[in-house]
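Trainee: I'd like to learn how to read a model like this one, feature by feature. Can you walk me through it?

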Amino acid sequence: FHGLRTTAPSSPATNEKRVGLAPKGVEEMRKCMRGRHSYTLACAVSICLASLFARARSPPPPCSLPAWPGEEVVSSWEHHGSRERCFCAYAALAAHAQPGTPRLRELEESCPRWADFVSLDGGHSATMVHASGAFAVALGSTSGNASERKYGYVPDWAADLGSGYGEDCDVSRDPRCEAVGAHVLSLPRRLYVADCCSRPDAARGDATVVAARRPGPQPGPSLADLIASDAASACGLLQDLVAGGLRQVRRLDAFGSCAAENEEPTAASGCLAQCFHVVPDVWYLHLHTTAGAKDIRAAQPYNAGLGPSFNASEASDPATAFGRYNACVCEPRAWAAAGRGRGSCPEARPSDAAYPAEAAHALCRNVAGASGVDPRLCHACRPPASTYLNKPPPCTISWCV
């Protein structure tokens, strides 16, 4: 999902959406396409120069979310912050925006390539962007679109949903594609949160470390910061992130939670995982909900999995949570050794009514354990009479949390 797509466009209209041309570049493209020679090198150069000039004069509008960093910080990120700007634009989009409305125009301005990733009808009005409660938005859809014949999930480098890694299932490109599984992203929509677990100089386990961050200006508050400062708000956000992902999973009742180390959310395992990357690829908090995938890339030597994966090559690195590079709703109990609070898992199945509240509590504890925050703050998430698969041993000083 986070990479750039290279599918050849089928029409000038499709092309201008997918390459993300500024309006001046679109105008030049149309002039070229009306010419006798459809798309010459001179045309290509003219389009690029016109588009770059227009973009230089008209930067994308800033994200209006509270805590969004300044332009100096955003432009220092990879791809000049284009992915984070898109996430902010998705958060601002109403669930059922119609063509020509201000919200859809704002989406086009902030994220010119939105049709590549969240459109179900070629960039008109149908999107896979759904509000989830008061605090979150989910990207995904339980069905595709009949005319576009696209699968309704965002592709991910780690997951194969039936048409290869990093691709959605589009039978217009590959008639043999058989879409399987689900991959949904859930994002905050009321407040900008950079990532799950960054806490400068925070204690992880018994070690004091500087949390891993990309070089350059720091991105902004993390979920761990929010837990430490306002645990009740963090719990509300977590519950909406969890529930938003679940609503877009087909046959949800077929899946339990991925609970074992290195158990990935594939069709063969029959489990569902909801995880944050401890070291993110995009500086905008996003929860991955994955289930029933055809295949998922192995963990080593890269941090590629979408479940409770362990990379042994980083087992001594506290900045990557000692190789446990995902903070998940359900984690193996043995992970408690990597941080007080980790190794929590809800007892309820993902399809149970009790699951979102239990999952928010468990995920809060697991994020706290990965970031050095006191997991007792997560009592604000604790549902009444909640029980867990991975119950702690009888209370000792280290477990009285």
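**Starting with a hairpin**

Mentor: S1 and S2 make a hairpin with three residues between them, and Gly-133 in the turn has a positive phi of about 65°. Before we go on: this is a predicted model, where local features need pLDDT of at least 70 and side-chain atom pairs count only at pLDDT 80 or more, while totals for chains, interfaces and linings use all residues. Residues are numbered from 1 along each chain as its sequence is written, and side-chain values use heavy atoms, with hydrogens and water left out.

Trainee: In which sense do S1 and S2 pair, and over how many bridges?

Mentor: In a regular strand the side chains alternate between the two faces of the sheet. Here strand S1 (residues 129-132) and strand S2 (residues 136-139) pair in the antiparallel sense over four bridges. Ser-132 stands opposite Ala-136 in S2. Strands pair if DSSP finds at least two bridges between them; the elements themselves are DSSP runs numbered from the N terminus, helices being H or I with at least four residues and strands E with at least two.

Trainee: What span should helix H9 have, and what do its end C-alpha atoms give?

Mentor: An α-helix has 3.6 residues a turn, so residues three or four places apart point the same way. For H9 (residues 231-247), 17 residues at 1.5 Å a residue should span 24 Å, and the end C-alpha atoms are 25 Å apart, which agrees. The expected span is 1.5 Å times one less than the number of residues. H9 is mostly covered, with 13 of its 17 residues buried. Buried means under 20% relative accessible area, exposed over 50%, and partly exposed in between (1.4 Å probe, protein chains only).

Trainee: How many disulfides are there?

Mentor: A disulfide is a covalent bond between the sulfur atoms of two cysteines. The rule is a pair of cysteine sulfur atoms within 2.5 Å, and by it the count comes to eight. One of them joins Cys-86 to Cys-111, S to S 2.0 Å. Its S-S torsion is about 90°, so this disulfide is right-handed. Cys-86 sits in helix H5 (residues 82-92) and Cys-111 in the loop between helix H6 (102-110) and helix H7 (114-118), 25 residues apart.

Trainee: Is the disulfide of Cys-235 and Cys-381 right-handed or left-handed?

Mentor: Cys-235 and Cys-381 have their sulfur atoms 1.8 Å apart. The torsion about their S-S bond is about -90°, so the disulfide is left-handed. Cys-235 lies in helix H9 and Cys-381 in the segment after H10, so the pair ties together parts that are 146 residues apart in sequence. Cys-235 is buried at 6% relative accessible area, and Cys-381 is buried at 8%.

Trainee: What about salt bridges: how many does the structure hold?

Mentor: Side chains of opposite charge can pair when their charged atoms come close. The structure holds seven salt bridges, each a side-chain nitrogen of Lys or Arg within 4 Å of a carboxyl oxygen of Asp or Glu. Among them, Arg-113 pairs with Asp-116, the closest N and O atoms being 2.5 Å apart. Arg-113 is buried at 17%, and Asp-116 is buried at 4%.

Trainee: Are Arg-340 and Asp-374 buried or partly exposed?

Mentor: Arg-340 is partly exposed at 36% relative accessibility, and Asp-374 is partly exposed at 23%. The closest N and O atoms of their salt bridge are 3.4 Å apart. A network of salt bridges links Arg-340, Asp-374 and Arg-376.

Trainee: Which rings link into a cluster?

Mentor: A pair of aromatic rings is described by the distance of the centres and the angle of the planes. Rings of Phe, Tyr and Trp (its six-membered ring) pair if their centres lie within 6.5 Å; planes under 30 degrees apart count as stacked, over 60 as edge-to-face and the rest as tilted. The structure holds five aromatic pairs. One of them is Trp-68 with Tyr-192, edge-to-face at 5.0 Å centre to centre and 75° between the planes. Trp-68 is in the loop between helix H3 (41-57) and helix H4 (71-76) and Tyr-192 in the loop between strand S4 (182-188) and strand S5 (203-204), so the pair ties together parts that are 124 residues apart in sequence. Tyr-192 also pairs edge-to-face with Tyr-284, at 5.5 Å and 75°. As for your cluster, ring pairs link Trp-68, Trp-77, Phe-87, Tyr-90, Tyr-192 and Tyr-284.
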